[in-house]
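Dear colleague,

I am handing over the structure below for your reference. Please look through it before reading the notes that come after it.

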There are 2 protein chains.
Amino acid sequence: MLSSDPMLNMVSLCKRRGFVFQSSEIYGGLKSAYDYGPLGVELKRNLAGQWWKSMIYERDDIYGIDASILMHPDVWRASGHLQNFTDPLVDCFDCKHRFRADKAPKQEPGTEVEFRRDGKTIKGKVGTCGYACPNCSSNSLSEERAFRGMFQTTLGPIDPLGECISAHYGKPKEEFLQEVRKVVEANAVYLRPETAQAMFVQFQNVVNTTSAKVPFGIAQIGKSFRNEIVVEHFIFRSCEFEQMEMEFFCEPGSQKEWLSYWVDQRMGWYRKFANHPENFRVREHGPKELAHYSDRGFDIEYKFPWGFDELEGIASRTDFDLTQHAKASGTKLSYFDPKKEDPETGKPGWRYTPYVIEPAAGLTRCFLAMMLDAYTVEEGKDASGADKSRIFLKLHPALAPIKVAVFPLIKKDGQPEIAEKIAKDCRALGWNARYDDVASIGKRYAKHDEIGTPFCVTVDNQTVEDQTATVRDRNTTEQIRVPLDQLTQYLKERLSWA
Amino acid sequence: MLSSDPMLNMVSLCKRRGFVFQSSEIYGGLKSAYDYGPLGVELKRNLAGQWWKSMIYERDDIYGIDASILMHPDVWRASGHLQNFTDPLVDCFDCKHRFRADKAPKQEPGTEVEFRRDGKTIKGKVGTCGYACPNCSSNSLSEERAFRGMFQTTLGPIDPLGECISAHYGKPKEEFLQEVRKVVEANAVYLRPETAQAMFVQFQNVVNTTSAKVPFGIAQIGKSFRNEIVVEHFIFRSCEFEQMEMEFFCEPGSQKEWLSYWVDQRMGWYRKFANHPENFRVREHGPKELAHYSDRGFDIEYKFPWGFDELEGIASRTDFDLTQHAKASGTKLSYFDPKKEDPETGKPGWRYTPYVIEPAAGLTRCFLAMMLDAYTVEEGKDASGADKSRIFLKLHPALAPIKVAVFPLIKKDGQPEIAEKIAKDCRALGWNARYDDVASIGKRYAKHDEIGTPFCVTVDNQTVEDQTATVRDRNTTEQIRVPLDQLTQYLKERLSWA
């Protein structure tokens, strides 16, 4: 049964067909982490593979890396994440809004405020904290609590906290707390909240080992972790997620040109796979959305069921990151172009800190967008007028988890053997092909429609007689008979993206 | 300059050529985490891709998944990891040996012991702890400290520890410690120390969504994290590492047969890529190496410079994991075979908990083994008798990071344009091909020998005249001229693994 809520239908399909399961589901599930099932892992691999191909194999100016998730904590000090990810949070007891204390408008303690509680308007006064709830003006607020956007852990097998408590317990509370904070901070490492920083930190190693010349990029696909305050929309915003990020290093002054180049490139990439390109759009960041170091930025957005929302951010980050890391680490992170003139001295040879354009895509968000884009309901009625709609995932063949499914019509008369052989021949071509003999042919077609298999091949009685099999097209349901000895060639042409 | 230590040469090559960098190197590096550079990421991807192909695409009985790194903590309680990974550790102040207190031989307090300190033999007595150092018999030992093999972190943006300290400070120390332990444990989640558990936890979801029939497997590639007491041998033993694991579910009683099947399969996989298959061996686990639930096991080992050491463990895990998770979660994790007779009742239809064979390979260890296996020094002398050895990485073409490198002999006379076009044609075939015009031809050959590029194509004056280019074979240094219009076809045949 279809719900009127497209997200419910999608979540249900993902679970029922093995695209996405909740993490640790049998234990009640882990908040905001997901496991990709047998079909989901293929779609995710295909998306990541297409991105990597477009960034690395089809170009000569981008270098891949794969950095560790645990990085030196000084990386996050220099980048600003440690400060920005540890803000004081306050909960409003009335409207349940959670907000950053340091961002709430300051009000003189004692200032009168009016707010709603249990349907009634209440009058009160701002407390000593110096702010009311920015959402409902209530003065009934929790204490400020440290918000930790980054997941923190400890490197080394010995727990330093226990020893610290033993050594300092009994001291005045403030002094004790300071000792605890000191030891926790001294031993803390963080799960990266983005993959980008590794590209800055390893900038010089990449230049030295590849003889890369500006403009060039460094790209990475990998997991990132954020302790989100709000997790929502299924895999759209989760604590563990996957990114595809590229830092493109260019000459100062050329960043505007490259920003617009990369917005075009990335939109072209999404549109290549989209059935409904009109649901993908570019939106320029307003002045308030720009990070303080960024001089311009765009979002590529998809029209999700809850409205347009971010798929990928493409930011002009100036020379902020390289400059910060050079300063903090004492390492030179710059580029020397012997062919250019130094604009300050007018002498030949120019050493500069490159500017950076960053197309940062969410792989798991892209997964959701492509599933929603592909989800197609073809309305129809049977002879009696009852609903007989066909649901299929119109996934681009490059993205489809299974390329070809092969069925024997019945499980005897040599049909399974022929079908197995066809599946094997397809697998030899590197395709994910599956043999399937479970349930009626109609149900098998319906299942493979719903998981986006572009072609189903059916072996029947006639196959045994005339050595032809039926090939059914997922998009049109059209069926044609193809001689067995031309089958893989025929499928190869129809799957010609490969 | 080559060192006499093969590991030093390997670490140097990895860093110099962009295979492996230390994580966060510009900040002094993070202990035991590594970043894979532009060439390393390709070798790692190729290894992982070959494993996935052999497990998923070339077979019809194994299903892939990609589960989250953060899992519900109950998973680790049920699996036994939480208990086994939190043992009490003791340091010996004399010989610096670190050992598990609960595994040290018990001795009556007061028992006389003899040990060496500063070159002298010392006599002493066993203390109240009831053990001496199992390595040197010293009684000069640290207190027992909790050892945490799993990385622990907290899900949720609020730090629970600060609040707990505020609420309970001032209580008796033991009571306070208990409160701290309680709150830390209640909020703890762990980075998975192995990928395997997700295959057990999602067993039922995979069966339900794929109609998988026993025997079948579930496979996964992904990162795991262990707070190792000793990190060593470069990427061999590190805290953040990558695994390729498969759980093969089979009928009780058939496990011995499947164990030997998988040992053969996996050895075949390594040997397919090896230049020195004699350096790969199978070793059966001794009775003391077997986990208490395992009924048999093997290691596939490689002859590393420090001796034979583990690449992959292949264990028969009985029904331990599924049984534990079924018990702990209250979920049925079993399989019903309608075609079999229940051996207890003799009635048709048998519901049982499958037995499991687990081939668990280390992707990052495999990376190191394949690099060492490929590292070749071809000794030679020049006319004057000076050393002119050639170093090359004899990597299997399927594993080589760059398949084809294309050089213009000189950077003019139209040579760069022809070379660029050849590189582009190669890339269009899906190969990682690179154009390279840096340094002399000799140096470019030497570089691509050292990074394992199977073929170099050089465009020279003659190319412009007769439309042929030189193809140089990495293994033999043989050069032949191939017409440009037959070039990609020629390379395709030589790289015929693809």
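The notes below begin with conventions and then turn to the chain as a whole and to selected residues.

This is a predicted model, in which local features need pLDDT of at least 70 and side-chain atom pairs count only at pLDDT 80 or more, while totals for chains, interfaces and linings use all residues. Residues are numbered from 1 along each chain as its sequence is written, chains are lettered from A and ligands numbered from 1 in the order in which they are written, and side-chain values use heavy atoms, with hydrogens and water left out.

Chain A as a whole

Chain A contains 15 helices and 26 strands (DSSP runs numbered from the N terminus: helices are H or I with at least four residues, strands are E with at least two). The C-alpha trace of chain A spans about 90 × 75 × 50 Å along its principal axes. Of the 498 residues in chain A, 56% are buried (buried means under 20% relative accessible area, exposed over 50%, and partly exposed in between, with a 1.4 Å probe and protein chains only). Contacts (heavy atoms within 4.5 Å) were also counted: of those in chain A between residues at least 6 apart in sequence, 63% join residues at least 24 apart.

Salt bridges

Over all chains, the structure holds 67 salt bridges (a side-chain nitrogen of Lys or Arg within 4 Å of a carboxyl oxygen of Asp or Glu). One of them joins Arg283(A) and Glu301(A), at 2.9 Å from N to O. This pair links distant parts of the chain, with Arg283(A) in strand β14 and Glu301(A) in strand β15, 18 residues apart. Arg283(A) counts as partly exposed because its relative accessibility is 25%, whereas Glu301(A) is buried at 5%.

Another salt bridge is formed by Arg427(A) and Asp60(B), whose closest N and O atoms are 3.4 Å apart. The pair crosses between chains, from helix α12 of chain A to the loop between α2 and β3 of chain B. Arg427(A) is buried, with 9% relative accessibility, and Asp60(B) is partly exposed, with 21%.

Lys447(A) and its surroundings

Lys447(A) is found in helix α13, residues 441-450 of chain A. Its relative accessibility is 19%, so Lys447(A) counts as buried. Lys447(A) forms a salt bridge with Asp436(A), with the closest N and O atoms 3.0 Å apart. Not counting residues up to four places away in sequence, Lys447(A) touches Arg17(A), Asp436(A) and Ser211(B). Arg17(A) is 430 residues from Lys447(A) in sequence, yet the two are 8.4 Å apart in space, C-alpha to C-alpha.

Two further buried residues

Asn227(A) is found in the loop between β12 and β13 of chain A, and at 2% relative accessibility Asn227(A) counts as buried. The side chain of Asn227(A) reaches the backbone oxygen of Thr154(B) at 3.1 Å. Leaving aside neighbours within four places in sequence, the contacts of Asn227(A) include Phe147(A), Cys239(A), Leu155(B) and Pro157(B).

A polar atom of its side chain lies 2.9 Å from the backbone nitrogen of Lys339(B).

With kind regards

Technical notes. A polar contact is a pair of N or O atoms within 3.5 Å; within protein, one must be able to donate a hydrogen and the other to accept it, and residues adjacent in sequence count only if both atoms are side-chain atoms.
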